[in-house]
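Please keep the sequence and the structure in view while reading.

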Amino acid sequence: MVVAVGALALGLALPTGPASASPAYKTFTWKHGSTAGDCTMYSGGADRTAPTWTLYPDGTASFDATLTSMSGDDAWLMWAHLKDENGALLADIRIPGSTSTKFVKNLPLAWPRKYRWLAEGRFDPSLYPLIKSMSLSKHC
């Protein structure tokens with residue numbers, strides 16, 4: 001997994017030291033593919049998007065990935081876990097407007113059909129400075 005932190009404005013230097021503000025966003029990208037049952041989440045490539053969660057200080061989150069199913073009539077279920085610097089669980093990202101933490105992408109047709117998964121999520125913004133890593137749980 002690759003973690004990147006960035007500023008949204010060009011030429012904006014991020015402050016350093018104990019009085020620094022939180023970065024404008026944090027990204028967590030999985031460089032290796034993932035499988036569950038007959039389903040695959042691609043690791044990236046020319047026509048595929050590596051699974052990436054982008055987190056913002058206001059508690060919003062966005063997800064982007066490419067998936068497929070070898071059999072069709074499947075669904076990829078995913079839970080996104082936010083962790084601190086020691087790997088301890090802080091919280092799971094929630095579906096907007098819900099208490100559910102289970103994200104679902106239907107995969108009705110089999111490979112070679114690829115599906116782009118764009119999802120939105122929410123988390124407690126007070127956790128933002130503590131988030132140092134993420135992990136994903138999945139089922140298909």
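In this predicted model, Trp 117 touches Met 41, Phe 63, Asp 64, Ala 65, Leu 67, Trp 76, Met 78, Phe 103, Val 104 and Lys 105, leaving aside residues up to four places away in sequence. Trp 117 has a relative accessibility of 4%, so it counts as buried, the cut-off being under 20%.

Trp 117 lies in strand S10, where the side chains alternate. Tyr 115, Trp 117, Ala 119 and Gly 121 point to one face and are buried. Strand S10 pairs with strand S6 in the antiparallel sense, over eight bridges. In this pairing, Thr 66 stands opposite Arg 116 of S10.

The largest nonpolar core has 26 residues. Those with the most contacts inside this core are Trp 53, Leu 55, Trp 76, Ile 93, Trp 117 and Met 134. The elements that each give two or more residues to the core are strands S4 (39–41), S5 (52–55), S6 (60–69), S7 (74–83), S9 (103–107) and S10 (115–122).

Which residues form the aromatic cluster? The cluster is made of Trp 53, Phe 63, Phe 103 and Trp 117. In the whole structure, a search finds four aromatic pairs.

| Pair | Centre to centre | Angle between planes | Type |
|---|---|---|---|
| Trp 53 and Phe 63 | 5.0 Å | 40 degrees | tilted |
| Phe 63 and Trp 117 | 5.3 Å | 85 degrees | edge-to-face |

Why is the pair of Phe 63 and Trp 117 edge-to-face? The planes of its rings stand at 85 degrees, and over 60 degrees counts as edge-to-face. Phe 63 lies in strand S6 and Trp 117 in strand S10, so this pair ties together parts that are 54 residues apart in sequence. Phe 63 has a relative accessible area of 2% and is therefore buried, again by the cut-off of under 20%.

Rings also take part in contacts with charged side chains. The charged end of Lys 26 sits over the ring of Tyr 128, at 4.4 Å from the ring centre. Arg 48 lies over the face of Tyr 42, and here the distance to the ring centre is 4.8 Å.

Terms used
Residues numbered from 1 in each chain as written. Predicted model: local features only at pLDDT ≥ 70, side-chain atom pairs only at ≥ 80, totals over all residues. Heavy atoms only, no water. Core = buried A, V, L, I, M, F, W, Y, C linked by side-chain atoms within 4.5 Å. Buried < 20%, exposed > 50% of the residue type's maximum accessible area, 1.4 Å probe, protein only. Helix = DSSP H or I, 4+ residues; strand = E, 2+ residues; numbered from the N terminus. Contact = heavy atoms within 4.5 Å. Phe/Tyr/Trp six-rings, centres within 6.5 Å; stacked < 30°, edge-to-face > 60°. Lys NZ or Arg CZ within 6 Å of the ring centre and 35° of its normal. Pairing = 2+ DSSP bridges.
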